[in-house]
Amino acid sequence: MAVSDTMTAPAKPAASREQAANFLIKRHRFHAAEALPWLFAIAVYFIFPDRMTFGSQVLVMIMFALSLDLILGYAGIVTLGHAAFFGIGAYTVGLGAAKLGWTEPISGLFAAAIVAGLVGFITGWFLLRYRGLTLLMLTLATAIMLQEAGNLRSDISGGYDGLPGLTFDPLFGKFDYDLYGHTYYIYALVALAVVFYVVRRIVYSPFGAALTGIRENVRRMHAIGSPVHRRLVTVYTIAAAIAGVAGALFTQTNAYVTLTVFDFDNSAKVMVMLILGGTGRLYGAFLGAAVYMILEDHLSKMSPTFWQFGIGLLLVLAVLFARRGLMGLIEDAGRYIAKRRQP
Amino acid sequence: MTAALQVEGLNRNFGALHVTRDVNLTLERGARRALIGPNGAGKTTLINLITGVLRPSSGRVLLNGDDITATSQALRARRGLARTFQINQLFRGLTVLENIVMTIGERDGENNNLWRPAGAKRSVIDEALDHLESLRLVDDALRLVRELPYGRQRLVEIAMALAQKPRVLLLDEPAAGVPSSESHLILDVVASLDPDIAVLIIEHDMDVVFRFAKEITVLVQGAVFTQGTPDEIMTNAEVRAVYLGEDGHTATQKAGQRGSHHG
């Protein structure tokens, strides 16, 4: 971050105090460069009008990766079962529309957030006493159990054939779903912007700082009086709710949902996206999800059988040469340029 | 007047290994007590029992007269019990200033806030800078902890404990691993601590112990071997035996027996 450029030699104590205080006071302010991904997303709407359905899927995955960043990147919670909450959100609106006739899309997002958040709270309460490998296995098991529960009652869930042909009301009763998905792209983008704003507030809040503290040194957090478990459960619940919203958007944009949303593949994929983009950096989720999805799209067209090789290669390169992900590379480049400008 | 910290009949076993035996210890308000003893005597275990990292097999810990034996480590900290670690436990990837702000945030409950920007409360930042200034760390405020020399990191360790505004402070070898050219800085800080805070210091350097402590507790094989003023301890032949190893075996045997007397 901006640590290096604030390290010029201090003149007086008062001056260095002020300088130090400013670092914290100004840190949360919006940076001009933060407009870039949003301008890019808006540009895509005009440049690729025929790829809006794919575009919406990318936005959904960005939101999903963003929710994982909150717990993995900031609080340091490793999970291989994050798809559980994505799936719960997806099925909340899916079942709501198919069984209850709840077809209003925006209230569906809120319902998905509440249900997924509730499950996140309950599972988190029990699981977050554990860390590392144990937690990894337990979260994985949670997602599998939910999937199997759905499979067991395939009369309700539709099983692996899914709930097809769902219909949702036009947004605000006006903007209907169109064949090219223009409406839903805007809808998903607005939803992502709202979620992003919330996540950004949390990350730069004192609570967000405490999460970083838990990631950096949990022993110290206990020693300074931090209710670590409560903090972890809180952030896990929020992340689950956001993943639920992403899942709900997924169902709404595709107009169908199957049990594959709970797949281990889905949990692993979102983690790969985040690591590729860079954990604990907010925009890592944007970059990682977008690059992954676009590559997957192109590679699978080029070689339907071997496309995963390309993704694997990219991940190996990222782990070897860009440990902090693509965002880390961008930060390094920015720092390098700044250094050359003022020797 | 109730003691700031009182430890009554504390025991702790790890399986068959009896690492803490019937320890009684009292810190009055403003106490300056040193805890000394050979390696493996259970000094750090005792700190861990007092702070709640470990639970005792039996016995009680009282903070300002309240029984805290069953309370969590975090709650004890919020009630005014602070410690430093023998090996630095800092947020290495964060700046020095953030380390202190984090501590104040947990103390005041600021860190429960999910919405307000962390930098919005000027009073917290100013207090953190005051703490840093008193330890002459202001110039390092924006450096990452992991970039600091070890001696400076030890100071951050102390600064964090002080930022908790503790009533009782447990210092686990504050100058350990610091070159002697820098250790005087740390010891000056320790010597000038707020006289209201009750301090228990674990230290191997006897010069430091005799300079700082008004009372000394000697721990051997998990039990209190003896307690007394620095003069009493200095002239105690048995303590010398334990430390210099003249007749360590009989001395430690004796400690085992004595533990029960003191209990």
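How many residues does helix α8 of chain A have, and what distance does the helix reach from its first C-alpha to its last? In this predicted model, local features need pLDDT of at least 70 and side-chain atom pairs count only at pLDDT 80 or more, whereas totals for chains, interfaces and linings use all residues. Residues are numbered from 1 along each chain as its sequence is written, and chains are lettered from A and ligands numbered from 1 in the order in which they are written.

Helix α8(A) (residues 182-203) has 22 residues and reaches 31 Å, close to the 32 Å expected at 1.5 Å a residue; the expected span is 1.5 Å times one less than the number of residues. Helices are DSSP runs (H or I, at least four residues) numbered from the N terminus. Among the buried residues of α8(A) are A:Tyr184, A:Ala188, A:Leu192, A:Val195 and A:Val199, a residue being buried if 20 or more other C-beta atoms, placed from the backbone, lie within 10 Å of its own.

Beyond four places in sequence, A:Ile62 touches residues including A:Leu192 and A:Phe286, contact requiring C-beta atoms, placed from the backbone, within 7 Å.

The contact between the chains takes 42 residues from chain B and 36 residues from chain A. On the side of chain B that touches chain A, α3(B) gives the most, with eight residues. Helix α3(B) has 13 residues and reaches 19 Å, close to the expected 18 Å. Because 12 of the 13 residues of α3(B) are buried, this helix is largely enclosed by the rest of the structure. B:Gly109, with a positive phi near 80°, follows α3(B).

The predictor gives the complex an ipTM of 0.88 and a pTM of 0.89. The mean pLDDT (the predictor's confidence in each residue, from 0 to 100) of chain B is 87, but pLDDT stays under 50 over residues 247-263 of that chain.

How values were computed
Contact = placed C-beta atoms within 7 Å. Helix = DSSP H or I, 4+ residues; strand = E, 2+ residues; numbered from the N terminus.
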